[in-house]
Amino acid sequence: MPKSDERDVTIVLAGQAGQGIQTIGSILTMVLKKSGYQVFSTKEYMSRIRGGSNSTLIRVGHERVVANVGRIDILVLLDDGAIDHLASRISPETLIIGEKENLQTSYEIVDVPFTGIAKKSGGKIYANTVAIAALFGALEGEFRVLEEYLTDYFQKKGETVVSGNLEAARQGHRTGGELRSSGKITFHLEKNPKTANEILISGGDAVALGAISGGCRFISSYPMSPATAVLTFMAGQDSRFGIVVEQAEDEIAAVNMAIGAWYAGGRAMVTTSGGGFALMGEGISLAGVTESPLVVHVGQRPGPATGMATRTEQADLDLVLYAGHGEFPRIIYAPGRIEEAFKLTHRAFDMADKYQIPVFVLTDQYFIDSHYCVPDLDTGTAVTENHTVQTLADYKRYAFTDDGISPRGIPGFGDGLVCMDSHEHTEDGHITEEIELRNRMMEKRMGKMGLIAHDSIPPTLIGPEQYRVLVLCWGSNYHIVAEAVALLKKDDIAVLHFSQVFPLPPEISDYLEKADKTILVENNYAGQFERLVRTYAGIAVGHSIRQYDGRPFCSEALAKKILPILPPP
Amino acid sequence: MKGNRFDMEHIEIAWCPGCGNFPILEALKETFESLKLDPVDLVVVSGIWQGGKTSQYLKCNMFNGLHGRSIPLATAVKAANPRLTVVAQGGDGDMYGEGGNHLIHAIRRNPDITVIVHNNMVYGLTKGQASPTSIRGFTTRIQVHGVTSEPFNPLAVGISLNASFVARTFAGDRAETSRILTAAIKHKGFSLVDIFQSCVTFNKVNTYQWFKNHIHPIPESHDSSDRMKALELAFMTEKFPVGVLYVNEDRPTFEENLPAYDSSDEPLYNREVDREKLQQVIDGMR
């Protein structure tokens with residue numbers, strides 16, 4: 001058990017698929033947050049509906065907690081199969097709680113009979129509520145908060161269900177209190193009333209909300225873990241915001257639909273993972289040559305092929321960078337913070353519209369499935385820039401202009417005709433093979449990269465401006481790397497995080513030049529971002545720390561990997 | 001074609017003399033004109049095949065997309081702006097081979113689009129391979145021993161999936177082709193029109209004369225709302241019936257089913273993001 005002056009407590013709920021771990025996790029984090037605790041949760045799960053072993057990590061603190069850790073302070077075991085799975089993270093300090101009757105293990109277990117207590121409250125079905133309440137009580141949560149939340153949560157299921165759950169919660173909460181009074185749990189965390197009103201949100205939700213904020217009116221996708229979360233969220237909002245949500249028959253249909261929607265004036269996106277994205281290559285190329293805006297969310301998971309469907313990796317950067325035959329401009333964002341995912345997804349729509357290119361938002365399972373508290377999401381000042389023009393009778397879709405961007409008309413809006421062609425084409429969008437036109441059109445399209453380079457998002461420096469060692473990372477590793485470096489307690493290491501990975505922001509050279517040592521952390525085998533940095537900035541990073549086991553880094557373990565690389569003081 | 005607003009002047013047409021695409025192009029222009037469509041509100045989405053060049057020779061909005069992928073694109077165009085008239089054009093390889101899956105699911109969705117398939121039983125653009133509708137025994141440089149697979153039967157597929165309008169016509173009969181195209185475009189829902197045509201350069205078997213000998217008009221007495229009878233007609237592959245086989249007026253369209261059009265019939269481009277509602281959704285996560 002962590003001592004009373006520890007900053008945060010980690011709880012891991014572990015058991016089989018189908019035992020309700022995710023429900024316990026989502027309710028518990030919400031009521032903890034409403035009590036004034038900062039919470040972070042992430043889940044790791046197997047690709048199955050029943051059985052196996054899944055776990056949810058919940059970090060609870062007074063201060064903001066936002067990163068994955070390996071350490072387990074309290075392990076709540078719903079199934080003993082999970083023990084082997086988590087063995088490397090269990091220490092002598094770990095308090096293991098579970099229903100002794102159902103568990104067979106040599107580890108010492110503090111008995112909390114969830115189903116026993118549930119039965120007394122009206123039925124086995126309330127076991128999860130007992131678990132939630134016990135933990136909540138052990139963490140000094142006020143019963144009133146839990147009561148209010150559960151009443152609202154189960155309201156639709158009728159009075160009996162509500163009162164059954166409340167009774168189970170009462171019993172569970174009392175049991176949790178007993179864990180404290182018996183001295184098994186002694187730590188104390190301060191509550192912060194401001195935290196109670198923060199937003200508890202996942203990376204996937206942030207992408208979806210960002211899309212809505214960015215004017216997304218059309219999403220066509222084929223379900224694929226972990227990216228389906230975005231499709232599901234949008235589906236729940238389709239009536240409210242007037243969004244067309246369509247499950248396509250395959251990923252090729254999905255990407256072509258999105259391009260069709262943009263053509264007719266609707267801002268569109270697709271959400272998919274590596275394997276689904278691989279099918280969209282020709283469609284991406286179509287967007288490139290027709291200068292169609294397009295937004296693609298790729299939620300990465302381990303490959304190759306089916307890989308590990310429910311785990312995490314950062315190994316599709318190369319795929320997203322090079323997908324689509326031929327040459328055409330693109331932008332790739334890789335948000336590292338949940339607030340950033342909201343902003344960048346919105347921005348993706350504006351940039352796609354402005355430059356008439358495909359824009360990618362690259363996340364991964366860890367990011368999509370992580371939740372933490374955010375004070376606010378900036379919706380008030382977020383304005384959707386609309387670049388569509390009303391056409392005149394002599395309109396030419398690909399008219400040559402000074403900056404290479406042709407005003408984009410849409411059919412039925414104005415007096416002109418809007419013609420787009422997947423072939424090389426003339427200014428008015430018809431097929432051509434003429435040498436001069438081909439050259440000019442290639443230069444027009446590729447010339448946009450120059451403009452885009454000036455519309456970059458600079459990397460974020462975390463830590464001292466006068467650094468000797470610079471740790472680089474991208475995408476979902478923002479918080480984990482920041483925490484790992486903070487754990488080292490040195491004053492000369494900084495972290496440089498890239499939320500725009502292509503085009504590479506020009507500032508990178510200045511940052512790297514100042515460092516004596518550079519370390520790049522990423523979740524893939526070959527060092528894909530490292531290679532991108534070498535290709536596009538001409539800089540070779542000094543050291544790499546790579547992981548490709550389908551799990552996110554843990555901040556403590558990562559700190560241990562960074563330590564031996566550091567120069568002597 | 002004088003006075004036809006869909007006529008493109010001063011163009012060089014890339015088809016072989018005698019190609020069935022010529023009469024189809026003229027029938028299309030006639031049809032669009034007789035329906036009094038405005039070129040500005042008409043979108044022709046084409047795939048890649050010789051007939052795909054049809055969209056190059058029409059004066060209207062046009063999206064010449066990827067081989068086999070015009071149907072999903074057309075579906076989305078219509079969904080984004082239901083006020084547009086949307087036609088998807090493809091060849092037999094484009095629509096029934098590469099795009100077969102999209103055909104099936106578009107029939108399930110029932111978007112209000114018209115799918116016109118130029119069916120010449122060969123791949124002309126790539127210089128003479130068999131297509132999904134090639135007859136058994138048809139030899140090419142790839143199908144050296146003659147096609148052995150069962151020809152794809154688009155009309156039977158359409159009818160069995162309850163497509164809301166299924167018809168076949170022959171490019172050689174321009175008046176009839178115009179009549180059917182008019183009915184297809186007018187029809188509210190997914191319309192499939194399979195047009196037999198001959199490829200004079202790469203298909204020396206299924207010539208103009210061959211088609212003439214292997215088609216017969218659907219009798220006037222045929223009740224096009226009778227699905228079983230329509231299926232029987234579709235299964236006749238010795239002498240193919242031409243005309244309208246099946247019409248189902250009862251299926252709501254894809255666009256009608258979309259919640260996005262529940263409280264507004266504005267096309268998607270003409271809507272603002274409701275930031276207050278967005279803030280409410282976000283506040284609901286506190």
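**Exercise 1. The contact between the chains**

How many residues does the contact take from chain A, and how many from chain B?

*Solution.* Keep in mind as you start that this is a predicted model.

Step 1. Count each side: chain A puts 54 residues into the contact, and chain B puts in 47 residues.

Step 2. Look for the elements on the side of chain A that touches chain B. Those giving two or more residues include β7 (199-202), α8 (203-213), β8 (218-221) and α13 (281-290) of chain A. The biggest giver is α11(A), with 8 residues.

Step 3. Now find a strand pairing that links the two chains. β17(A) runs parallel to strand β2 (residues 61-64) of chain B, and the two pair over 3 bridges. Within β2(B), B:F63 is the residue that stands opposite A:M420.

**Exercise 2. Two domains of chain A**

Work out which domains make up chain A, then describe how domain 2 meets domain 4.

*Solution.* Step 1. Chain A splits into domain 1 (8-197), domain 2 (200-374), domain 3 (388-453) and domain 4 (460-565).

Step 1. Between the C-alpha centres of domain 2 and domain 4 of chain A there are 25 Å. Their contact draws 25 residues from domain 2 and 21 residues from domain 4.

Step 2. On the domain 2 side, the elements that supply two or more residues are α14 (317-322), β12 (331-333), α15 (338-355), β13 (358-364) and α16 (365-369) of chain A. This side holds 14 nonpolar, 4 polar and 7 charged residues.

**Exercise 3. The nonpolar core**

Find the residues of the largest nonpolar core that touch the most other members.

*Solution.* Step 1. This core has 245 residues, and the ones touching the most other members are A:V76, A:F218, A:A258, A:V471, A:V481, B:V77 and B:L245.

Step 1. Ask which helix supplies the largest share: helix α11 (residues 251-263) of chain A does, with 10 residues.

Step 2. Zoom in on A:V471. Beyond four places in sequence, A:V471 touches A:V481, A:V485, A:I493, A:V495, A:I519, A:V521 and A:I562.

Step 3. Another core, of 6 residues, lies apart; B:V122, B:Y123, B:V147 and B:C199 are among them.

**Exercise 4. A strand of chain B and its partners**

Describe strand β8 (residues 240-247) of chain B and the strands that pair with it.

Step 1. Strand β5 (residues 165-170) of chain B joins β8(B) antiparallel, through 4 bridges. Here B:R168 is found opposite B:G243.

Step 2. Strand β7 (residues 215-217) of chain B also pairs with β8(B), this time parallel and over 3 bridges. In this pair, B:I215 stands opposite B:F240.

Step 3. Follow the chain from β7(B) to β8(B): the path goes through helix α8 (residues 227-234) of chain B, giving a right-handed β-α-β crossover.

How values were computed:
Residues numbered from 1 in each chain as written. Chains lettered and ligands numbered in written order. Predicted model: local features only at pLDDT ≥ 70, side-chain atom pairs only at ≥ 80, totals over all residues. Domains from an automatic or database assignment. Contact = placed C-beta atoms within 7 Å. Nonpolar A, V, L, I, M, F, W, Y, C, P; charged D, E, K, R; others polar. Core = buried A, V, L, I, M, F, W, Y, C linked by C-beta atoms within 7 Å. Buried ≥ 20, exposed ≤ 12 C-beta atoms within 10 Å, placed from the backbone. Pairing = 2+ DSSP bridges. Right-handed = clockwise from strand over helix to strand, strands pointing away.
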